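Thanks, I'll keep this short.

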Amino acid sequence: MSPPSGMLLDETPLFDPSLLQDLDWSSNMVSFSPPVSPSQPGEGLVLRPLCPADLDRGYYKVLSQLTVAGDVTKEQFRASFEHMKRTGDYYVIVVEDANLGQIVATATLIIEHKFIHSCAKRGRIEEVVVSDVCRGKQLGKLLVSALTLLSKKLQCYKITLECSQKNVEFYKKFGYTASNETYMERRFFD
């Protein structure tokens with residue numbers, strides 16, 4: 001039996017919000033002017049874990065500025081959310097404009113468990129996107145900084161991301177370097 005519709009989109013965080021609040025921001029590699037941090041992302045803004053109710057706050061509208069997000073029902077969204085929460089390896093963060101009640105930025109950290117490096121963990125950053133109405137507020141820098149520090153806190157031996165050539169210089173600011181590995185893909189669906 002599925003939960004009543006009202007229960008589908010609640011405020012349950014994907015992961016413990018204290019993980020973001022307890023980041024060692026002093027080891028952040030990039031500067032912010034004016035200063036921002038996970039606890040102070042900007043006036044009227046809140047940085048926090050994704051919750052199911054964010055579907056109604058424009059989460060997919062922001063994602064669609066990055067790629068084809070598709071049409072998703074509340075039930076599909078909740079099922080994926082619950083799967084991600086259960087595994088404990090997905091850290092989707094959002095920035096909400098509290099005045100508008102809308103999501104204006106998001107990014108994802110996925111933790112991969114490896115057999116190499118003594119069964120170490122690898123972090124991977126994906127889906128970094130800032131709404132076009134909020135560009136220039138340092139939110140992209142904030143998201144990448146927070147997830148980079150979070151991966152270190154979670155004891156990942158390395159963190160990676162994929163980016164277009166035009167964004168390489170942006171990510172170098174955070175200590176990322178181009179690897180010698182070649183990224184290849186084979187798509188089954190568009």
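Starting at the N terminus, the elements of the chain run α-α-β-α-α-β-β-α-β-α-β-α. That makes seven helices and five strands, where helices (H or I, at least four residues) and strands (E, at least two) are DSSP runs numbered from the N terminus. The radius of gyration is 17 Å, close to the 16 Å that the globule rule gives for 190 residues, so the chain is as compact as a globular protein of that length. That radius is taken over C-alpha atoms, and the rule is 2.2 Å times the number of residues to the power 0.38.

A word on the source: this is a predicted model, local features need pLDDT of at least 70, side-chain atom pairs count only at pLDDT 80 or more, and totals for chains, interfaces and linings use all residues. Residues are numbered from 1 along each chain as its sequence is written, and side-chain values use heavy atoms, with hydrogens and water left out.

Now the interior. Of the 190 residues, 44% count as buried, meaning under 20% relative accessible area with a 1.4 Å probe, protein chains only. The largest nonpolar core has 50 residues, and Ile93, Leu109, Ile125 and Leu139 touch the most other members. Such a core is a set of buried Ala, Val, Leu, Ile, Met, Phe, Trp, Tyr and Cys residues joined through side-chain atoms within 4.5 Å. Helix α6, residues 139-153, gives the most to this core, with eight residues.

What does Ile93 touch, not counting residues up to four places away in sequence? Its contacts (heavy atoms within 4.5 Å) include Phe15, Leu47, Pro49, Ala105 and Leu143.
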